[in-house]
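Please look over the sequence and the structure before reading on.

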Amino acid sequence: MTDRSQARRRATTNPRQWLSKILIFVLLAGFAVFFVLPIVWLLIAPSKDGRQLLLDAPFSFGSFEQIAANWNALFAFQDGVFLTWLGNSTLYSFGALALTLVVSIPAGYALALGEFRGRKLLLMTTLIVMLIPNTALVLPIFLELSALRLIGTPLSVILPFSFFPFGVYLTYIYFSTAVSRDLLNAARMDGAGELRVFAQVAMPLATPVIALVGFFNFVGNWNNYFLPFLMVGGQKVPVQVGLANMLANVPQFNPTTATSTVIELPTLALATLLSVAPVLIIFLFSQRFLVEGMTAGGTKG
């Protein structure tokens, strides 16, 4: 009787299990169609010329020679301005990243473990500013930097990029939950000053959250388009603004473009891949710290 009842249970549960598996498969297939296939197409596109991209099978590989040709065309565009755009993005993103870490980590530490007047008000202000869309802050920031005569300089991009209240809040959460106060108090009892406790005890323990704040800040800065578009121009624009400028030289997007500056779609696809490559590389090398930073705040140290 026991074997029969178990067989009946399997017979009744198996259809449900198969239905759930089919549903999961359909969902995954849908995600693959809408997210993975466009990325695969983008990876293959630089291996073709403009005619092959339009006429050949979408996921057929062209040739390595054509990749080299598209590479040469990209870096020959306007006397190699694409390399200048990459350099500008590197300067703006890493310059702002350094300022962000210098400000956000001590600020989060002070909000989490310090006791001073106005602490709760400052924390509440940080949370409120986090809810304000970045685009809503562009106009007052522009007017402020214009009054300081910084518009058109690298500082007009670096300084706003380094304003990162989300990083302060992440650091606050980490120090509040994942760092033992007893450990810090023990260092104070041994005669260490507050700066020494922060630098030699708290900072080594905060490596995961430092990586997390740095990654989020770098990705946001590297991919930011609107703020640099307003603040700088000419040869000083970063790569995201530069890609938009390249679109004006693609015949499929702008039929009136001058023939001397034409950019083919495969070359634009290669430029897009190169523009996101730094973010992918940093993610691959820092993903262990990112996972630790995202999970460490869930447990009390």
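How many nonpolar, polar and charged residues does the lining of the second largest pocket have? By class there are 9 nonpolar and 4 polar residues, and no charged ones. The model discussed here is predicted.

## Second largest pocket

The second largest pocket has a volume of about 220 Å³. Its lining is made up of 13 residues, and those nearest the centre are Thr126, Phe163, Phe164, Pro165 and Val168. Helix 4 (81-113), helix 5 and helix 8 are the elements that give two or more residues to this lining.

## Largest pocket

The volume of the largest pocket is about 490 Å³. A total of 21 residues line the largest pocket, with Asn134, Pro160, Phe163, Phe164 and Asn224 nearest its centre. Two or more residues come from each of helix 5 (119-131), helix 6 (134-147), helix 7 (155-161), helix 8 (165-177), helix 11 (207-223) and helix 12 (226-231). Helix 6 gives the most, with 5 residues.

The lining of the largest pocket divides into 15 nonpolar and 6 polar residues, with no charged residue. Phe163 and Phe164 are listed among the residues nearest the centre of the largest pocket, and they are also listed for the centre of the second largest pocket.

## Enclosed cavity

Searching the whole structure turns up 1 cavity of 30 Å³ or more. The space in the largest cavity is about 30 Å³. Its lining consists of Ser89, Tyr92, Ser93, Phe161, Asn221, Trp222, Asn224, Pro228 and Pro238.

Helix 4 and helix 11 are the elements that give two or more residues to the cavity lining. The largest share, 3 residues, is from helix 4. By class, the cavity lining has 5 nonpolar residues, 4 polar residues and no charged residue. Asn224 belongs to this cavity lining and is also one of the residues nearest the centre of the largest pocket.

## Aromatic pairs

The count of aromatic pairs comes to 17. One of them joins Phe31 and Phe35, whose ring centres are 5.7 Å apart with the planes at 25°, so the pair is stacked. Phe31 and Phe35 are 4 residues apart in helix 1 (residues 2-44), a separation of about one helical turn. With a relative accessibility of 48%, Phe31 counts as partly exposed; Phe35, at 52%, counts as exposed.

Tyr109 and Phe175 form an edge-to-face pair, with 5.2 Å from centre to centre and 85° between the planes. Because Tyr109 lies in helix 4 and Phe175 in helix 8, this pair ties together parts that are 66 residues apart in sequence. Are Tyr109 and Phe175 buried or exposed? Tyr109 counts as buried, at 7% relative accessibility, and Phe175 also counts as buried, at 0%.

## Aromatic cluster and a charge over a ring

Trp71, Phe75, Phe77, Phe82 and Trp85 form one aromatic cluster.

A contact of another kind involves Lys21 and Trp18. The charged end of Lys21 sits over the ring of Trp18, at 5.3 Å from the ring centre.

Conventions:
Residues are numbered from 1 along each chain as its sequence is written. This is a predicted model: local features need pLDDT of at least 70, side-chain atom pairs count only at pLDDT 80 or more; totals for chains, interfaces and linings use all residues. Side-chain values use heavy atoms; hydrogens and water are left out. On a 1 Å grid over the protein atoms alone, a cavity is a set of points where a 1.4 Å probe fits but cannot get out, and a pocket is an open set with protein on both sides within 12 Å along at least five of seven lines; lining residues have an atom within 4 Å of a point. Grid points are joined across faces, edges and corners, and a volume is the space filled by probe spheres set on the points. Ala, Val, Leu, Ile, Met, Phe, Trp, Tyr, Cys and Pro count as nonpolar, Asp, Glu, Lys and Arg as charged, and the others, Gly among them, as polar. Rings of Phe, Tyr and Trp (its six-membered ring) pair if their centres lie within 6.5 Å; planes under 30 degrees apart count as stacked, over 60 as edge-to-face and the rest as tilted. Buried means under 20% relative accessible area, exposed over 50%, partly exposed in between (1.4 Å probe, protein chains only). A charge sits over a ring if NZ of Lys or CZ of Arg is within 6 Å of the ring centre and within 35 degrees of the ring normal.
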